[in-house]
Amino acid sequence: MIPQTDPKGGYLAQRAEIDAAIARVLEGGHYILGPEVAALEREFAAYIGVRHGVGVASGTDALVLALKAIGVEPADYVVTVSHTAVASVAAIELAGARPLLIDIEPRTFTMDAAELERALAAPPGRIAAVVPVHLYGQPADLDAILPLARRHGARVVEDCAQSHGALSGENRAGSRGDVAAFSFYPTKNLGALGDGGMVVTADEALAERLRALREYGWRERYVSDIAGANSRLDEVQAAVLRVKLGRLDADNARRAALAAAYDRGLAGLALDLPARRAGASHVFHQYVVRSPARDALRDRLARRGIGTNIHYPLPVHLQPAYRGRLATGPSGLGESERAAREVLSLPLYPELDDGALAEVVAALRKLA
Ligand SMILES: Cc1ncc(COP(=O)(O)O)c(C=O)c1O
């Protein structure tokens, strides 16, 4: 059996160091928001290339708190995409604002900047922010999105849950918008052994507000200056993440090498292979092909013991909780709906060995 993803493999690859880091925390006696979290915040912010990192409980909370920190109001709209994890959209409502969902570029599966321009030209109300999602490991078109948002007075909150370490131009994804949200869910390129997330920003005032928002609105202990939540990162997860951060670039290089091997092995088949955006790097959180015969292909691969996944089978605007009640972009969401019918994520993780990849390729060459 070849799984589609393998978070346990990531633990085993660094087992001795991770076990030692966990033991250090357990023996240290400080379990929440302590020295490990502070060090991870410094190290991860420096890695992304911004001054501030604020550790929180999940990627969803990172988005919610980022939106609250920039000051979205209940009547405000926040533009994002529908072809994404439901969290990207759920976070907008959890922050008290209204999602406006626009379509994606079919080749990269990320926000269509031309559609953003049309949406900003005919807004249903005040658009407070734009949330580009760097899906599957590839940055959205920030060269186009950032100036459009700025021209319309909207802040940019990058959803970096799937793009740890990717480059957008010369800079890391997460360093170009006003603020960025990362998830450390175990399967992510930088994954904890439980839930976790981080907000990063170059803006000192935003960082200070985020630190208050994640812990009861406190600036000073037991004094709630603003209405906050409990969204803290714990010391065990931070210690694990510090170990794994040391391997992130090597892991991403391995993911890129595996993706290149898939590209070579699958060339010429009736499958669309992942497109690379010029001027950006792709860290292959997922290797996603598309096929109109996706469901049959997935079943046949499963019968041969090859795990795949569908990210995501139903766009957010068609999910039962959201269907028919969210604002959508001027051209509709046809590309998002088509992507949901055709995408297939193949096995991809740093510990996938060359022989297993060759098996997946051989199976696809017979079946696709
Ligand atoms: C694009 C995207 N945004 C947000 C999230 C939310 O992260 P978390 O699961 O850590 O809350 C995820 C991960 O599930 C994601 O893939």
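Student: In what sense do strand 2 and strand 3 pair, and over how many bridges?

Tutor: Keep in mind that this is a predicted model. Strand 2 (residues 77-81) pairs with strand 3 (residues 98-102) in the parallel sense, over five bridges.

Student: What is the order of the strands in the open sheet?

Tutor: Eight strands make up the open sheet, ordered 1-9-8-5-4-2-3-13, with mixed pairing. At the edges you'll find strand 1 (52-56) and strand 13 (327-328); each has a single partner strand, so one side of each has no neighbour in the sheet.

Student: Which strands does helix 4 touch as it packs on the sheet?

Tutor: Helix 4 touches strand 1, strand 2, strand 4 (127-130), strand 5 (155-159), strand 8 (179-183) and strand 9 (197-201). Its direction makes about 165° with that of strand 8.

Student: How do I describe two packed helices?

Tutor: You give the angle between their axes and the distance between the axes. Here, helix 2 (residues 15-28) and helix 9 (residues 235-245) pack at about 150°, with axes 9 Å apart. Since angles over 145 degrees count as roughly antiparallel, helix 2 is roughly antiparallel to helix 9. Their crossing is right-handed.

Student: Which residues make that contact?

Tutor: Among them are Ile18, Ala21 and Ile22 of helix 2, and Val236, Ala239 and Val240 of helix 9. By class, the contact has eight nonpolar, no polar and four charged residues.

Student: And which residues come nearest the ligand?

Tutor: Of the 15 residues around the ligand, those are Gly59, Thr60, Ala87, Ala161 and Ser183. Helix 4 (59-69) and helix 5 (86-94) each give two or more residues to that shell.

Key
Residues numbered from 1 in each chain as written. Predicted model: local features only at pLDDT ≥ 70, side-chain atom pairs only at ≥ 80, totals over all residues. Near = placed C-beta within 6 Å. Helix = DSSP H or I, 4+ residues; strand = E, 2+ residues; numbered from the N terminus. Axes fitted to C-alpha atoms, helices over the stretch in contact; angles between N-to-C directions. Parallel < 35°, antiparallel > 145°, perpendicular 65-115°, else oblique. Left-handed = near helix turned anticlockwise from the far one by under 90°. Contact = placed C-beta atoms within 7 Å. Nonpolar A, V, L, I, M, F, W, Y, C, P; charged D, E, K, R; others polar. Pairing = 2+ DSSP bridges.
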